[in-house]
Amino acid sequence: MLKRIQSEKEIVSHGLRHTFVTLSAYAGVPLNVVSNWVGHKNVEITQDYNHILKTQVDKGVALLENW
């Protein structure tokens, strides 16, 4: 899958975790649930992940759907 994305940036596990948290929140999963899933000590840490603009998330979802 990484070869198909053809990203110029290095993709690391933390980036995938960040993407999971952001997409889960964007999909409507309550932040306290997402926080629990990823093992954050409190929901404020999870909120820090949620800074990607809606247009960026939409672009990422479209890329994954077309994969």
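Helices (DSSP runs of H or I, at least four residues) and strands (runs of E, at least two) are numbered from the N terminus. The structure described here is a predicted model, in which local features need pLDDT of at least 70 and side-chain atom pairs count only at pLDDT 80 or more, whereas totals for chains, interfaces and linings use all residues. Residues are numbered from 1 along each chain as its sequence is written, and side-chain values use heavy atoms, with hydrogens and water left out.

The protein contains five helices and zero strands, and its pattern along the sequence is α-α-α-α-α. Of its 67 residues, 18% are buried, where buried means under 20% relative accessible area, exposed over 50%, and partly exposed in between (1.4 Å probe, protein chains only). Contact denotes heavy atoms within 4.5 Å. Among contacts between residues at least 6 apart in sequence, 48% join residues at least 24 apart.

Helices α2 and α3 pack at an angle of about 155 degrees, and their axes lie 9 Å apart. Axes are lines fitted to C-alpha atoms, for helices over the stretch in contact, and angles run from 0 to 180 degrees between N-to-C directions. This makes α2 roughly antiparallel to α3, a class that applies to angles over 145 degrees, while those under 35 count as roughly parallel, 65 to 115 as roughly perpendicular and the rest as oblique. On the α2 side, the contact is made by Arg-17, Phe-20, Val-21, Ser-24 and Ala-25, and on the α3 side by Leu-31, Val-34, Trp-37 and Val-38.

One aromatic pair was counted, the rule being that rings of Phe, Tyr and Trp (its six-membered ring) pair if their centres lie within 6.5 Å; planes under 30 degrees apart count as stacked, over 60 as edge-to-face and the rest as tilted. The ring centres of Phe-20 and Trp-37 are 6.0 Å apart and the planes meet at 40 degrees, so the pair is tilted. Because Phe-20 lies in helix α2 and Trp-37 in helix α3, the pair ties together parts that are 17 residues apart in sequence. Phe-20 is partly exposed, at 39% relative accessibility.

Thr-22, also found in helix α2 (residues 13–26), is buried at 3% relative accessibility. A polar atom of the Thr-22 side chain lies 2.9 Å from the backbone oxygen of His-18.

His-40 occupies the loop between α3 (31–38) and α4 (43–49) and is buried, with a relative accessible area of 14%. The side chains of His-40 and Arg-17 are joined by a polar contact of 3.2 Å; such a contact is a pair of N or O atoms within 3.5 Å, and within protein one must be able to donate a hydrogen and the other to accept it, with residues adjacent in sequence counting only if both atoms are side-chain atoms.
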